[in-house]
Amino acid sequence: MIRVLIADDSAFMRKVLTDLFQKQPDFDVVGTAMNGKDAVSKVKQLQPDLVTMDVNMPVMDGINALAVIMESSPVPVVMLSSLTQKGTDATIRALSLGAVDFISKAGGSISRIDDIAEEILAKCRNAAKAHVHRTLAAPRPEPAVSPVQAAPNMKRGELPRRQGMKLPQMTTGAVPAVPAAGVGSKRVNPLLQNRTSVPSSIGRPTPMASGGIGSSKKLVAIGTSTGGPQALQNVITRLPGNLPCGVVVVQHMPAGFTKALADRLNSISQVTVKEAEDEEPIRAGHVYIAPGDFHLRVRDDGGMRKIKLSQEARVGNHRPAVNVMYDSVASIGQNLVAVIMTGMGADGCEGMKKIKASGGYSIAQDEPTCVVYGMPKAVVDAGLADEIRPVQDIAQAIVEAVKR
């Protein structure tokens, strides 16, 4: 039985959601809260298995309530947010703070619950299984050791104060430090295997990073899903601004949210982070996130790597799909570093087989720091992981790998 607390300032919404859950044999609504402060209090009092949290509430909004809950009484939280720009930005912030998933409210409210009832129930069932941890106040994470001399005046914004998961070596009240190079377990790999409608401009142009286009034969490809925004924040904010190669990312996320994710990461990282655009060249020191609802591939154009976006059929019910991206970069061989992180299911495993068969290097996030140990588990269980690292060590592992 999944014990649910519903936090929403609308009495109508509390009633609608309560009725929806109470009709299910595996849910039990143990309480409701009318604002964020009330939610924080009732999480401590009722100790639910799951919280649905509206973003916009009086007294204390859903974002601040989430931050307090993840520090004091961690529990899986699913956010309910509007599709406005403000709502989208708030959702990305919530996911970075540790929310497991979100549900979009068309028009700012759930006026027709029947249209999204199955989505709500499925996401809440999955979220209840997530592995969440107490959040600790953390110092600004330092970037991984750069493979080249650090360039002056590298971009640095205000880094988030909190991380949404407790890392294995931390204890309550401790101040986490950036791990030393080389920390983390290693595993030697025993195996060696429609319609297209592309926008002409997705995201925004960015200046060329130090090193420019094609300054390294290396490429980094990262795949992630549930818990990914938080994991990406842990990794990308630790990469050096003068990373001598580009990074491509597939994060399972619907259209409209990946731009906000990229912009947020860009504001707190030394590398340049942006939503990928069709046919743009891959530059050193840049991270390109696949737009929601578009597959991302990497293609070679006369020795220059470029991004190709498409809306071909979903693969494994995903668009973008990690397997599609991995398939397109497998031929890069030993110059490819493939990273698989937290997420439900096994997207990326088939593509990783091709990457390993071509001589690529693979890094998998370890189980204790995953919100959902699904995608990395599939890779690890198939014997395809060269390294298994906690999330806070992955940036260092990437830097080490591109130096090889």
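Guide: Happy to. The largest pocket has a volume of about 760 Å³. A pocket here is an open set of points on a 1 Å grid over the protein atoms alone, where a 1.4 Å probe fits, with protein on both sides within 12 Å along at least five of seven lines; lining residues have an atom within 4 Å of a point. Grid points are joined across faces, edges and corners, and the volume is the space filled by probe spheres set on them.

Keep in mind that this is a predicted model: local features need pLDDT of at least 70, side-chain atom pairs count only at pLDDT 80 or more, and totals for chains, interfaces and linings use all residues. Numbering runs from 1 along each chain as its sequence is written, and side-chain values use heavy atoms, with hydrogens and water left out.

By type, the lining splits into 10 nonpolar, 11 polar and 6 charged residues (nonpolar: Ala, Val, Leu, Ile, Met, Phe, Trp, Tyr, Cys and Pro; charged: Asp, Glu, Lys and Arg; polar: the others, Gly among them). Strand E5 (101–105), helix H5 (113–128) and helix H6 (228–236) each put in at least two residues, and H5 gives the most, with 4. Those labels are DSSP runs numbered from the N terminus: helices are H or I with at least four residues, strands are E with at least two.

What else about aromatic rings? The model has 2 aromatic pairs, counting rings of Phe, Tyr and Trp (its six-membered ring) with centres within 6.5 Å; planes under 30 degrees apart are stacked, over 60 edge-to-face, and the rest tilted. In one, the rings of Phe21 and Phe27 have centres 4.9 Å apart and planes at 45 degrees, so that pair is tilted. Phe102 and Phe257 make a tilted pair too, 4.5 Å centre to centre with 45 degrees between the planes. Both Phe102 and Phe257 are buried, meaning under 20% relative accessible area with a 1.4 Å probe, protein chains only.

Key
Buried < 20%, exposed > 50% of the residue type's maximum accessible area, 1.4 Å probe, protein only.
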